[in-house]
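Hi,

Here is the model I promised to pass on. Could you open it alongside the notes below and tell me what you make of them?

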Amino acid sequence: MKAFERGKRSHQSSYKLLKNQGLPLLCSQKTMLIPNASKWCLEELVKFINCKEEREQKVIPIFYHVDPSEVRNQREIYKIAFSRHEKNADEEKRGKIRRWKTAMREAGKLAGYDVKVDSYESEIIQDIIKEICGTIPMVLDVDEKIVGMDSRLEKLVSRLEIQSNGVRMVGVCGLGGIGKTTIITALYNKISNQFRSTSFLTNVREESTKDSGLLKFQQQLLDDTLGVKGQLTLKKIHEGVKEIKDKLSSKKVLVFVDDIDDSRRLEHLVGKHSWFGHGSRIIITRRKKDLLKAHEVDYIYEVDKLNEVKALQLFCSYAFRQCLPGKGYGDLSIQVVRYADRLPLAL
């Protein structure tokens, strides 16, 4: 079974692919057990299945000109090939073979694509592309000139405790224009590939002043995390609350609620930890931390203003396209930074 990425053959590169991309494709075909290639293929298969179980990654099997039951039950050519591997094998190798068999059995149980000899392969390829596009998280646009992002992201990621199984809510607060949205957008891009279901709700404060706006965000949350756009239509807010609790309570999700200023809206979108499945992470931004405290989030990250050096770097990156002031503009640049009160949006 092979990862569908050209040029990625080594153990190290394919394992990085598994960890970073989150959507391995497996192709099972009768030639995979040819002796020269089979050991590598089977070791890769074990890694794919391990990542599925340990990291809850989605795996899409493609059964190419082979019946899934042959893979699952290891009949026909698979039985013959494993007999060859077992011949004269010592105990260490027999242990490997047992792992190979278990991984192949698990792969055969997965729902995937059955490509028969008489199948229209171009149509199946299009179906696979559609499924992948609907599964891989989008990448949000982030200003590349932002200064001091790495240290902030490092602290936020540590507070999210992504490897723990509990549901965790983290609040991000700070003055308007200080960079809360930019920070959580970068955070989304950094960690979203570790979740199969994600949703990023933006401008909640501005767009949910009426019930129709709040209903729209409930709908988006369900559409994003369930992948059922157009299949579920909410008509009332209380209906949306029920659907969120019922549909997401057993699902691991990553949800961002950006710029919210009303407890009622927050309660109707991400009301309690119990609304979401084990391993879920909810990130909420708000200018003041009182609402976050009342909502009993697990941690509040307060975004501080940039210090003068970093604020100057940020200003210069826009004004002069470099990290230092242009010749003769040093004093004036410092005055601008101080006048803007070191706020990223103003700079």
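Let's start with Asp-261, which is partly exposed at 35% relative accessibility. (For accessible area, buried is under 20% relative, exposed is over 50%, and partly exposed is what lies in between, with a 1.4 Å probe and protein chains only.) Its side chain meets that of Arg-265 in a salt bridge, 2.9 Å from N to O, where a salt bridge is a side-chain nitrogen of Lys or Arg within 4 Å of a carboxyl oxygen of Asp or Glu. Arg-265, for its part, is buried, with a relative accessible area of 12%.

Some housekeeping before the rest. This is a predicted model, so local features need a pLDDT of at least 70 and side-chain atom pairs count only at pLDDT 80 or more, while totals for chains, interfaces and linings use all residues. Residues are numbered from 1 along each chain as its sequence is written, and side-chain values use heavy atoms, with hydrogens and water left out.

The overall picture: the chain has 15 helices and eight strands. These are DSSP runs numbered from the N terminus (H or I for helices, at least four residues; E for strands, at least two). Of its 347 residues, 46% count as buried. Taking contacts between residues at least 6 apart in sequence, 74% join residues at least 24 apart; contact here means heavy atoms within 4.5 Å.

Now the spot I'd look at first, Asp-258. It sits in the loop between strand 6 (253-257) and helix 12 (263-270). Once neighbours within four places in sequence are set aside, the contacts of Asp-258 include Ile-184, Phe-200, Leu-201, Thr-202, Asn-203 and Val-204.

On to helix 8, residues 180-191. Its 12 residues reach 17 Å from first C-alpha to last, close to the 16 Å expected at 1.5 Å a residue; the expected span is 1.5 Å times one less than the number of residues. Lys-180 is among its buried residues, along with Ile-183, Ile-184, Thr-185, Ala-186, Leu-187, Tyr-188 and Ile-191. In general, an α-helix has 3.6 residues a turn, so residues three or four places apart point the same way. The cover over the buried residues of helix 8 includes helix 7 (149-160), strand 4 (168-173), strand 5 (197-201), strand 6 and strand 7 (281-286).

Leu-187 belongs to helix 8 and has 0% relative accessibility, so it counts as buried. Beyond residues up to four places away in sequence, Leu-187 touches Leu-153, Leu-156, Val-157, Leu-160, Phe-256 and Ile-283. Ile-283 lies 96 residues from Leu-187 in sequence, yet the two C-alphas are 9.8 Å apart.

Back to charges: how many salt bridges does the rule give? The count comes to 12. One of them joins Lys-116 and Asp-114 at 3.0 Å, N to O; Lys-116 is partly exposed at 43% and Asp-114 is partly exposed too, at 32%. Another pairs Arg-168 with Glu-161, whose closest N and O atoms are 3.7 Å apart. Arg-168 is buried at 15%, whereas Glu-161 is partly exposed at 39%.

Glu-161 is also worth a look for its backbone: phi is positive, about 50°, although the residue is not a glycine. Its place is the loop between helix 7 and strand 4. His-65 is another non-glycine residue with positive phi, near 55°. It lies in the loop between strand 2 (60-64) and helix 3 (68-73) and is partly exposed, at 31%.

Last, cysteines. A search of the whole structure finds zero disulfides, taking a disulfide as a pair of cysteine sulfur atoms within 2.5 Å. Cys-173 is buried at 4%, and Cys-316 is buried at 0%.

Cheers
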